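I opened the model today and kept notes as I went. The entries below follow the order of my look-ups.

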Amino acid sequence: VSDDVRNRLSRAEGQVRGVSRLLDEGADCRDVITQLTAAQAALHRAGLRLMAAGMRTCLAHPEQAAAEGMDAGQMEELFLKLR
């Protein structure tokens with residue numbers, strides 16, 4: 001999961017740099033918005049991957065999750081933040 005999340009974050013980082021470059025070049029707003037939405041999607045997918053990994057850990061090792069202070073309510077809060 002970690003490598004996948006890092007790859008998605010790197011992709012988002014590149015897309016944000018692309019947005020800055022497009023703005024510097026005076027690009028059409030459609031191109032800028034397209035690049036922004038791609039960056040948002042990459043960040044969202046990275047968050048979902050992290051959330052899925054956390055949920056798997058909580059399901060497979062509930063005692064470990066409880067020891068780390070993560071309960072079902074907190075997992076739900078995190079999940080809802082990703083909307």
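**Entry 1**

I began with Arg 17, which forms a salt bridge with Glu 13, the closest N and O atoms lying 3.5 Å apart. I count a salt bridge when a side-chain nitrogen of Lys or Arg is within 4 Å of a carboxyl oxygen of Asp or Glu. Arg 17 and Glu 13 are about one helical turn apart, because they sit four residues from each other in helix H1. Glu 13 is partly exposed at 47% relative accessibility. My classes are buried for under 20% relative accessible area, exposed for over 50%, and partly exposed in between (1.4 Å probe, protein chains only).

**Entry 1: ground rules**

This is a predicted model, with local features requiring pLDDT of at least 70 and side-chain atom pairs pLDDT 80 or more, while totals for chains, interfaces and linings use all residues. Residues are numbered from 1 along each chain as its sequence is written, and side-chain values use heavy atoms, with hydrogens and water left out.

**Entry 2: the other bridges I followed**

How many salt bridges does the structure hold? I find four. One of them joins Asp 4 to Arg 8, with the closest N and O atoms 3.1 Å apart. This pair is also four residues apart in helix H1, so about one helical turn separates Asp 4 from Arg 8. Asp 4 is partly exposed, at 22% relative accessibility.

Arg 49 is partly exposed, with a relative accessible area of 33%.

Is Arg 8 buried or exposed? Arg 8 is buried, with a relative accessible area of 17%. It is found in helix H1, residues 2–24. I then listed its contacts, meaning heavy atoms within 4.5 Å. Leaving aside neighbours within four places in sequence, Arg 8 touches Ala 42, Arg 45, Ala 46 and Arg 49.

**Entry 3: Ala 38 and Ala 12**

I checked one more pair that is separated in sequence. Ala 38 and Ala 12 are 26 residues apart in sequence, and their C-alpha atoms are 7.5 Å apart in space. Ala 38 is in helix H2. At 24% relative accessibility, Ala 38 is partly exposed.

**Entry 4: the whole chain**

I stepped back to the fold. The chain has four helices and zero strands. Its pattern along the sequence is α-α-α-α. Helices (H or I, at least four residues) and strands (E, at least two) are DSSP runs, numbered from the N terminus.

The radius of gyration is 17 Å, whereas a compact globule of 83 residues would have one near 12 Å. I took the radius over C-alpha atoms, and the globule rule is 2.2 Å times the number of residues to the power 0.38. Along the principal axes, the C-alpha atoms fill a box of roughly 55 × 25 × 15 Å.

Buried residues make up 20% of the 83 residues. Of the contacts with a separation of 6 or more, 61% are between residues 24 or more positions apart. The accessible surface comes to about 6,100 Å², and 56% of that belongs to carbon and sulfur atoms. Areas come from the Shrake-Rupley method with a 1.4 Å probe; for residues, only the protein chains shown count as cover.

**Entry 5: a nonpolar patch**

Which residues make the nonpolar surface patch? I find Leu 48, Met 55, Phe 79 and Leu 80, covering about 340 Å². Patch members have over 30% relative accessible area and no salt bridge; like charges are joined within 9 Å, nonpolar side chains (Val, Leu, Ile, Met, Phe, Trp, Tyr) within 5 Å. Helix H2 (29–60) and helix H4 (72–81) each supply at least two of the patch residues. Met 55 is in helix H2. It is partly exposed, with a relative accessible area of 36%.

**Entry 6: cysteines**

My last search was for disulfides, taken as a pair of cysteine sulfur atoms within 2.5 Å. The whole structure has zero. Cys 29 is exposed, with a relative accessible area of 56%. Cys 58 is buried, at 19%.
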